[in-house]
Amino acid sequence: MHGTLYGIRPDMSDAREKSAATRRVIEFLAQQCGYRPDELDESMDLYGDLKVWGDDVDELFIEFSEEFGLALDEVDVCGCFPGEVNLFNPFPRLFFRPKRRIRIKHLVDAVLQKTLSLIHI
């Protein structure tokens, strides 16, 4: 009965599914953001660590939704990333503090739950 609790084996398919989803999301983000997969982990913040902001946010989420088959209908990430910065107004990015931080683990959860809802972030 080694590795069981009262004769019940834990379901390892959930762990394998999460591991596969994590690997796929990290590979996707590495390709999209210009990193090597081994440089990324689930705890990383898209804005703070991966430096995703401005128009790149829209492009990233569109590509993510297409890659993983998720709808973007009710997704609003405005409070999570600063807008575009131009030569005449560099301040939005300098003083921006995100309301919520979107981490790689949130995108993995979205893939597993098959929804891109930010309610759970």
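Student: Let's start with F28. Is F28 buried or exposed?
Tutor: F28 counts as buried, because its relative accessibility is 5% and the cut-off for buried is under 20%. Keep in mind that this is a predicted model.

Student: Okay. Which ring does F28 form an aromatic pair with?
Tutor: With F68. The pair is edge-to-face. The centres are 5.8 Å apart, with 75 degrees between the planes.

Student: Why give both a distance and an angle?
Tutor: Because a pair of aromatic rings is described by the distance of the centres and the angle of the planes.

Student: And where do F28 and F68 sit in the chain?
Tutor: F28 is in helix α1 and F68 is in helix α2.

Student: Is F68 buried or exposed?
Tutor: Buried, with a relative accessible area of 13%.

Student: What about F64 and F68, what kind of pair do they form?
Tutor: A tilted one. The centres are 4.7 Å apart and the planes make an angle of 45 degrees. Both residues lie in helix α2. They are four residues apart, about one turn of the helix.

Student: Is F64 buried or exposed?
Tutor: Buried. Its relative accessible area is 1%.

Student: Which residues form the aromatic cluster?
Tutor: F28, F64 and F68 form one cluster. A search of the whole structure finds three aromatic pairs.

Student: Let me zoom out. How many helices and strands are there?
Tutor: Four helices and zero strands. Along the sequence the pattern reads α-α-α-α.

Student: How much of the chain is buried?
Tutor: Of its 121 residues, 32% count as buried. The accessible surface comes to about 8,300 Å². Carbon and sulfur atoms hold 51% of that surface.

Student: How many residues are in the largest nonpolar core?
Tutor: It has 29 residues. Those with the most contacts inside it are L29, L46, F81 and I104.

Student: Which helices supply at least two residues each?
Tutor: α1, α2 and α4 do. The largest share comes from α1, with six residues.

Student: What share of contacts joins residues at least 24 apart?
Tutor: Take the contacts between residues at least 6 apart in sequence. Of those, 62% join residues at least 24 apart.

Student: New topic: charges. How many salt bridges are there?
Tutor: The count comes to four. One of them joins R101 and D45, with the closest N and O atoms 2.4 Å apart.

Student: Where are R101 and D45?
Tutor: R101 is in the loop between α3 and α4. D45 is in the loop between α1 and α2. The pair links distant parts of the chain, 56 residues apart.

Student: Is D45 buried or exposed?
Tutor: D45 is buried, with a relative accessible area of 4%.

Student: What else does D45 touch?
Tutor: Leaving out residues up to four places away in sequence, D45 touches L50, R101, I102 and R103. A polar atom of the D45 side chain also lies 3.1 Å from the backbone nitrogen of Y47.

Student: Back to salt bridges. Which residue does R36 form a salt bridge with?
Tutor: R36 pairs with D38, and the closest N and O atoms are 3.1 Å apart. R36 also forms a salt bridge with E39, where that distance is 3.6 Å.

Student: Is D38 buried or exposed?
Tutor: Exposed. D38 has a relative accessible area of 62%, so it passes the cut-off, which is over 50%.

Student: And how accessible is E39?
Tutor: E39 is partly exposed, with a relative accessible area of 35%.

Student: Which residues end up in one network?
Tutor: R36, D38 and E39. They are joined by salt bridges that share partners.

Student: Great. Can you give me a quick recap?
Tutor: The chain has four helices and zero strands. F28, F64 and F68 form one aromatic cluster. The largest nonpolar core has 29 residues. D45, which is buried, forms a salt bridge with R101.

Key
Residues are numbered from 1 along each chain as its sequence is written. This is a predicted model: local features need pLDDT of at least 70, side-chain atom pairs count only at pLDDT 80 or more; totals for chains, interfaces and linings use all residues. Side-chain values use heavy atoms; hydrogens and water are left out. A polar contact is a pair of N or O atoms within 3.5 Å; within protein, one must be able to donate a hydrogen and the other to accept it, and residues adjacent in sequence count only if both atoms are side-chain atoms. Contact means heavy atoms within 4.5 Å. Buried means under 20% relative accessible area, exposed over 50%, partly exposed in between (1.4 Å probe, protein chains only). Accessible areas come from the Shrake-Rupley method with a 1.4 Å probe; for residues, only the protein chains shown count as cover. A nonpolar core is a set of buried Ala, Val, Leu, Ile, Met, Phe, Trp, Tyr and Cys residues joined through side-chain atoms within 4.5 Å. A salt bridge is a side-chain nitrogen of Lys or Arg within 4 Å of a carboxyl oxygen of Asp or Glu. Rings of Phe, Tyr and Trp (its six-membered ring) pair if their centres lie within 6.5 Å; planes under 30 degrees apart count as stacked, over 60 as edge-to-face and the rest as tilted.
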